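Have the picture open while you read.

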Amino acid sequence: MRQIHSSAWLLVGLSSLLQVLIFPLPGLYVLSWVAFAPLIVALLRARPAGVLEMDGSANLQAAKPGQAFLLAYISGILWYAGTCYWIYDTMHQFGGMSPPLALLALFLFCLYLGLYHGLFGLLLSLTAGPGRDNRVALAAAPFLWVAVELARTLVTGFPWNLLGTAQVDNISLSRITTFTGVYGVSFEIVLVNVALAAAFLVPRKKRSILLAAALAAAAVLQAGRLIDAPALPADHAALLVQVNIPVDATWTRDAFERTLRELSDLSEKATSTSGVPDPKPGKVDLIVWPESPAPFFANDPLFRNPVSTMARETRTWVVTGAIGSTPVMQGGKSASQVFNSAALISPSGDWTARYDKVHLVPFGEYLPFPRVFAFAGGLTKEVGEFQHGASRAPLDAGSTPLGIFICYESVFPGEVRQFSQQGAQVLVNLSNDGWYGDSGAYAQHLNQTRMRAIESNRWLLSATNTGVTASIDPYGRTVARLARKERGALVAPYALTSVTTFYARHGDWFAWVCAIISAGALVTRFAIRKKAEASS
């Protein structure tokens, strides 16, 4: 650490702050074009070379691999602490952890996920040439970043706030996700940051030209946010019910039945008075209840019967979050596997299909490696014991295939796109964002959900417990929404689409190409170094 120049630490701190500011709640999205440049400069100008430059300043060169890992790792820790601070409140208020333990959980989380920033720094340093030859490193940086984002998605399973999400409101730029997924936007952002960083890595006499070019590129790309596409026609309407049930509510039978009665009455009244232009005048064609903390068991008559009655009374298809179960035999005895599910009820009141959540939240809905983390079950009040679902096939609501996914699954681009690949004509996300409290997590989650609509070029209906409940069009625009933390029903316009995007058909091909190019750059650099060592 003593060999790292103080300016590198200052640049790491600046970059970390900018990275935090580009995501909600600050939401200063324009800063995404400059947020990573200080980190890149810090990695490539980190240690003194032992001689002075012509102007008397220190001659700095690229960090050694260990130094680069440390610099980027610190940046990652600070970034996660600044954007995922809500984990503390979630673990303390709803997980039953004491403040010190909740703070420790957040700290360990940041230490773990920060490793991916560290990996980026390590790989970048390995591509740097001798002396101050940073050409290969700069060229490789966007590919390396996307490769690391892919690793974070596939290995850790926490791709929260992938960099490209910062430009979800930039319609002109975000449309490339229909081809590349969100990773294409991440690539563009890092590419501009590389151009800006390069301006500070060349001799001063060349700096102004490169700096002007980088800022011009950022301005042109950011200008896409000023362009709005025309409104898209919507010939269907769904009723999205925001139940606004406290996560820590205490349930008695009277409270349970009263809540069900209130939600059913709200749904029936809003459906009968919607006045939506529709093949069935005065009716919406889908009612959606969100994932909620209420003990709604799909096989419980106290829950099933009122929902079936509501479906018959409104003559409408209903989707509702519920706890599903499947009987199994274990050790010669009958038992049940429990799932976080979405149930589909027909207008005749029949429970026709169920989607079981495939990608569960570790330490929230299941305990990974239970022998290793057995202690965690005693730290929190409710570590779920849900089983993983096995299928992402759309549910058939008459002639309408619904691509239903639940809460946390919306942050996985490669998984959500499978619904439209398999024929879903509209996407439906059920979520309980009450776990996030009043932090910026609900807005971060919404932006990631909006990006899934863009990638698949689908209307997306987002039904949440406490908000944001919204109708999102294929450009990622929120065309209708309810205020947060209020019980209500939203008549949400949408349309059906059968055409699949290139990304929906082929998945994360672009990210894999970036990973392959990154590997090639590393192999090439190692081969050049080995040849140079052999010749010397």
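Is Leu108 buried, partly exposed or exposed? Leu108 counts as partly exposed, because its relative accessibility is 47%. For these words, buried means under 20% relative accessible area, exposed means over 50%, and partly exposed lies in between (1.4 Å probe, protein chains only).

A quick word on the ground rules. This is a predicted model, so local features need pLDDT of at least 70 and side-chain atom pairs count only at pLDDT 80 or more, while totals for chains, interfaces and linings use all residues. Residues are numbered from 1 along each chain as its sequence is written, and side-chain values use heavy atoms, with hydrogens and water left out.

**A greasy spot on the surface**

Leu108 belongs to helix α5 (residues 99-127). Helices here are DSSP runs (H or I, at least four residues), as are strands (E, at least two), and both are numbered from the N terminus. Together with Leu101, Leu104 and Phe107, Leu108 makes a nonpolar surface patch with about 360 Å² of accessible area. To join such a patch, residues need over 30% relative accessible area and no salt bridge; nonpolar side chains (Val, Leu, Ile, Met, Phe, Trp, Tyr) are joined within 5 Å, and like charges within 9 Å. The areas come from the Shrake-Rupley method with a 1.4 Å probe, and for residues only the protein chains shown count as cover.

**Rings that meet**

The whole structure has 25 aromatic pairs. One of them is Tyr80 with Phe109, an edge-to-face pair with 5.8 Å between centres and 90 degrees between planes. This pair ties together distant parts of the chain, with Tyr80 in helix α3 (residues 65-83) and Phe109 in helix α5, 29 residues apart. Tyr80 is buried, at 0% relative accessible area, and Phe109 is buried too, at 15%. Another edge-to-face pair is Phe502 and Trp509, at 5.7 Å and 80 degrees. What counts as a pair? Rings of Phe, Tyr and Trp (its six-membered ring) pair if their centres lie within 6.5 Å; planes under 30 degrees apart are stacked, over 60 edge-to-face, and the rest tilted.

Ring pairs also build a cluster, with Tyr80, Phe109, Trp79 and Trp160 among its members.

**A helix tucked inside**

Helix α15 (residues 441-456) is largely enclosed by the rest of the structure, because 16 of its 16 residues are buried. Its 16 residues should span 22 Å, and the end C-alpha atoms are 23 Å apart, which agrees. That expected span is 1.5 Å times one less than the number of residues. Just after α15, Asn457 has a positive phi of about 55 degrees.

How many salt bridges does the structure hold? There are 12, each one a side-chain nitrogen of Lys or Arg within 4 Å of a carboxyl oxygen of Asp or Glu. Here are three of them:

| Salt bridge | Closest N to O |
|---|---|
| Arg135 and Asp133 | 3.0 Å |

Arg135 is exposed at 64% relative accessible area, whereas Asp133 is partly exposed at 22%. Arg477 is buried at 16%, and Asp473 is buried at 1%. Salt bridges with shared partners also join Asp169, Arg225 and Arg450 into one network.
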